Number of protein chains: 2
Amino acid sequence: MTLVDEAVSISEAAEQTGLSTHTLRYYEREGLMLGGVGRASSTHRRYTGLDIQWVQFLTKLRSTAMPIARVREYVDFVRQGDSSFAARLALLEAHRVSVVAQLDEMTNSLAAIDFKIATYRKGI
Amino acid sequence: MTLVDEAVSISEAAEQTGLSTHTLRYYEREGLMLGGVGRASSTHRRYTGLDIQWVQFLTKLRSTAMPIARVREYVDFVRQGDSSFAARLALLEAHRVSVVAQLDEMTNSLAAIDFKIATYRKGI
DNA sequence: CTAGAACTTAGAGTGCACTCGAAGTCAAAC
DNA sequence: GTTTGACTTCGAGTGCACTCTAAGTTCTAG
């Protein structure tokens, strides 16, 4: 069993990433896959371990509210090769700032919700 | 200057809450205001301090991804009066669980982003 | 009293990220 | 070799939360 053989079908990729097959195809259509997903002796998609890893990282970007368009920018940088290291770093660092701000806002909101919960607990 | 006089126009309410006047009207239309916003000697809205406070809490619920429909449920409970304390508490506690999960996921994603940033920093 | 800004409503439009449907193709099991 | 279920593409549809438009009304400053 070679590494190539380990590439999996779209349904298995869906299972491994927690996304639907619809979403995986949508991401590919939107140009979010790094190198283009391979096809097995046919038209059917085969996701390699690297593809899966990328989708998992992409999911982390999405779960921190990076818009699809920004992800695509990042992907475009990756495709440009090593010359885009600085650009990729800058993009991720800018996003990091936004994530920290979101964490801050959410923590702040959680405190307000907890305060309200506490008042209800006292009131019962 | 009485408390009633301190009720403010929609544009001032927008400024104080960080929402647009459009959004404030939309929230009212969707039944998200606790008691119905008062009108000043006319058709024009007047937001009281309590209205503003509620909008600020509502904004915290929204910023933690509570859907509009869930906020409306909460509002309906408030309108039902004291008998709904337990229901409100349950709703907020359930939401709290989701907020903590979101914080957890986001923290997790931040770590992955930081790891990637670190690899870029090393690579330059 | 009047001009202009701010307000009103109802309904339509927008943007994002999926999500689904239809019609056809392919592959693994028997 | 045929059946059955997974796969393909492309385009349309959905859901959510705003966001805007249009046409008309009201407040406020001068």
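In this predicted model, Thr64(B) is buried, its relative accessible area being 0%, where buried denotes under 20% relative accessible area, exposed over 50% and partly exposed anything in between, as computed with a 1.4 Å probe on protein chains only. Residues are numbered from 1 along each chain as its sequence is written, chains are lettered from A and ligands numbered from 1 in the order in which they are written, and side-chain values use heavy atoms, with hydrogens and water left out. Because the model is predicted, local features need pLDDT of at least 70 and side-chain atom pairs count only at pLDDT 80 or more, whereas totals for chains, interfaces and linings use all residues.

Thr64(B) sits in the loop that joins α3 (49–63) to α4 (68–79) of chain B; helices (H or I, at least four residues) and strands (E, at least two) are DSSP runs numbered from the N terminus. The side chain of Thr64(B) lies 2.9 Å from the backbone oxygen of Lys60(B), which falls within the limit for a polar contact, namely a pair of N or O atoms within 3.5 Å, of which, within protein, one must be able to donate a hydrogen and the other to accept it, residues adjacent in sequence counting only if both atoms are side-chain atoms. When residues up to four places away in sequence are not counted, Thr64(B) touches Met106(A), Ser109(A) and Ile113(A) from one chain and His95(B), Val99(B) and Gln102(B) from the other, contact meaning heavy atoms within 4.5 Å.

DNA strand C is surrounded by 21 residues, the closest being Tyr27(A), Ser42(A), Arg62(A), Ser11(B) and Arg45(B); a residue is near a strand if one of its heavy atoms lies within 4 Å of it. Sugar or phosphate accounts for 77% of the atoms of DNA strand C within 4 Å of the protein, and bases for the rest.

The element that gives the most to the surface near DNA strand D is α2(B), with 5 residues.

The largest pocket has a volume of about 370 Å³, and among its 19 lining residues Lys116(A), Leu34(B), Leu50(B), Gln53(B) and Trp54(B) lie nearest its centre. On a 1 Å grid over the protein atoms alone, a pocket is an open set of points with protein on both sides within 12 Å along at least five of seven lines, a cavity is a set where a 1.4 Å probe fits but cannot get out, and lining residues have an atom within 4 Å of a point; points are joined across faces, edges and corners, and the volume is the space filled by probe spheres set on them. α3(B) gives the most to this lining, with 7 residues.
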